[in-house]
Amino acid sequence: MSRQTGKHPFVAWRLQSSCVSIETPSNRAETWVVFIGNDATTGSNFDVDPIKGPMRLRSPLTFLLMLPLATVSALAQSVTISFPGAEGFGASASGGRGQPVLTVSNLQDDGPGSFRAAATRSNVTIVFAVSGTVHLKSNMELGSDLTIAGQTAAGGGITIADAKVSMTHAHNIIIRYVRFRGGIAESPKVSSLNLSDAAHVMLDHLSIEWGRWDNIQTNGNTYSTIQNSIIGQGIVPQRFGCLCESDYLTLTRNLWIDNKSRNPKGKGHIQYVNNVVYNWGVAGYVGGHGAEDHFADLINNYFIAGPNSADSFIGEFTKTDHTYQTGNYADLNHNGQLDGQLVTDDAFEHVNADVVPNPFAKPEIPVHVLPAIEAVSLGAKDAGDSLCRDSVDRELVNQLLSYGKQGKLIVDETELGPPPPSSEVASPKDSDGDGIPDAWEHAHHLNPHDASDGQRIDPKTGYSKLETYLNELAESKPQSRLGSMAVCR
Ligand SMILES: [Ca+2]
Ligand SMILES: [Ca+2]
Ligand SMILES: [Ca+2]
């Protein structure tokens with residue numbers, strides 16, 4: 001048996017490993033990879049689930065795992081993160097990677113070329129050749145193994161309005177740069193976006209507003225992330241942010257604004273990092289306050305009271321809310337300056353939380369943690385559909401930056417005046433319909449008359465050619481990165 005030792009580039013799981021060449025009884029040489037289960041950061045040990053990635057072992061013993069190289073390659077693909085910048089429990093979602101493309105070409109409620117006809121399918125990536133607002137006539141359910149690439153909507157981007165979008169029992173979904181605004185036209189007691197009973201969902205740069213009960217509901221959700229999003233301006237009858245009842249949900253770098261409460265209400269296992277909460281009404285972050293055990297890590301968040309805010313930036317905890325907190329700030333003085341105070345464990349004990357010394361959450365793809373004050377400036381620049389902030393989102397960010405002076409809980413969106421005008425711009429030409437414009441295909445040595453090349457996975461990155469294009473689009477917002485709030489695609 002020959003032996004070769006060296007580090008395998010499979011670093012996503014931060015496992016030490018070696019390659020070993022073994023001569024099998026059939027004299028067919030196979031290369032195997034040995035994993036040694038020492039996590040470099042925590043000293044903990046993992047086992048390996050091909051869907052969820054490494055799972056924490058209860059045993060402190062180091063373990064050995066041998067897998068054929070071909071199997072390891074397949075596993076390595078399964079942990080390619082959703083896109084650069086994806087973090088937390090949902091960041092291994094692959095959506096419609098490598099699957100065919102469907103193009104939304106009109107703003108109709110249903111029928112060929114509509115959002116509904118495309119997004120209710122599974123095993124697809126959805127791109128937009130149209131921008132503006134889709135007025136849904138009824139609630140809709142998304143498919144599985146699905147990517148919705150809102151960054152492809154030119155001009156003012158895409159808004160889904162007037163009804164609830166759900167993903168009940170769906171799995172493996174990526175959605176980026178879309179506005180979901182149910183509005184007063186939707187049924188009472190529903191949300192704008194519903195992740196209930198869905199698994200492996202990655203939501204990024206969404207604007208989720210005007211939900212009639214909560215803006216978002218996640219009951220029964222597992223292994224998901226909501227990041228870089230605006231969750232705000234809930235409307236009657238309840239006007240709440242999120243009933244986030246999930247096992248392993250990461251909420252990071254979101255702006256929660258003008259919600260009467262539940263920013264969110266956290267039940268299950270909630271990782272809550274670098275969020276900014278502005279102008280809550282009754283309460284900011286709300287505990288699970290149920291008989292069952294709940295776990296939450298609140299790390300480096302900033303709570304800023306606005307005109308409608310009581311002092312209760314946290315509330316409704318019980319001793320079943322096992323809560324780790326560090327680096328959180330609360331600014332309750334409404335003085336137009338960002339000058340919050342560091343939140344102490346005593347503040348959480350005062351509202352009856354069970355303060356614990358260590359965080360529970362160690363997702364496979366960790367969350368990059370910023371100081372709380374940097375989360376505020378980043379949220380102001382980048383939260384929501386920041387490729388094009390419309391007048392609604394610009395107003396919300398202006399309220400945040402008044403640091404206590406401006407903000408309003410609304411009854412419903414009709415009091416805001418006419419809806420924001422949609423800025424419609426023609427999409428670039430995509431002759432073969434693979435989601436990649438001809439010009440980009442030419443520049444990257446693809447064939448603008450061959451739809452199959454967009455689905456091809458680049459072994460160097462783990463992303464399809466289409467995803468490489470989509471990731472580039474999402475990163476191409478130089479003005480918003482510089483702080484402008486009115487940038488359009
Ligand atoms: Ca202040
Ligand atoms: Ca193309
Ligand atoms: Ca092509």
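**Core, sheet and loops of a predicted model**

The largest nonpolar core of this predicted model has 107 residues, and I126 and I173 have the most contacts inside it.

Q: Which strand gives the largest share of this core?
A: The core in question is the one with 107 residues. Its largest share is 6 residues, and these come from residues 240-252, strand β21.

Q: Which residues is I173 in contact with, leaving aside its neighbours within four places in sequence?
A: I173 is, with I126, one of the residues with the most contacts inside the core. Leaving aside neighbours within four places in sequence, its contacts are A93, G95, L142, S144, L146, M167, A198 and V201.

Q: Which elements do the buried residues of α7 pack against?
A: Helix α7 spans residues 465-475, and its buried residues are K465, L466, E467, Y469, L470, L473 and A474. An α-helix has 3.6 residues a turn, so residues three or four places apart point the same way. The buried residues of α7 pack against one helix, α6 (438-443), and against the strands β6 (101-104), β7 (124-128), β10 (146-149) and β13 (171-176).

Q: Which strands stand at the edges of the open sheet of 10 strands?
A: The order in this sheet is β8-β11-β14-β17-β20-β22-β24-β27-β30-β31, with mixed pairing. Each edge strand has a single partner, so one side of it is left without a neighbour in the sheet. The edge strands are β8 (132-135) and β31 (341-342).

Q: What is the bridge partner of V277 in β27?
A: Strands β24 (residues 276-278) and β27 (residues 302-304) run parallel and are joined by 3 bridges. In β27, V277 has as its bridge partner F303.

Q: What angle does the direction of helix α5 make with that of β22?
A: Helix α5 (residues 391-401) packs on the sheet. It touches β17 (207-209), β20 (230-232), β22 (255-257) and β24. Its direction and that of β22 make an angle of about 85 degrees.

Q: Is N300 buried or exposed?
A: N300 has phi near 55 degrees, a positive value in a residue other than glycine. Its place is in the loop between β26 (294-299) and β27. A residue counts as buried with 20 or more other C-beta atoms within 10 Å. N300 has 22, so it is buried.

Terms used. Residues are numbered from 1 along each chain as its sequence is written. Chains are lettered from A and ligands numbered from 1 in the order in which they are written. This is a predicted model: local features need pLDDT of at least 70, side-chain atom pairs count only at pLDDT 80 or more; totals for chains, interfaces and linings use all residues. A nonpolar core is a set of buried Ala, Val, Leu, Ile, Met, Phe, Trp, Tyr and Cys residues joined through C-beta atoms within 7 Å. A residue is buried if 20 or more other C-beta atoms lie within 10 Å of its own, exposed if 12 or fewer, and partly exposed in between; C-beta atoms are placed from the backbone. Helices (H or I, at least four residues) and strands (E, at least two) are DSSP runs, numbered from the N terminus. Two residues are in contact if their C-beta atoms, placed from the backbone, lie within 7 Å. Two strands pair if DSSP finds at least two bridges between them. Axes are lines fitted to C-alpha atoms, for helices over the stretch in contact, and angles run from 0 to 180 degrees between N-to-C directions.
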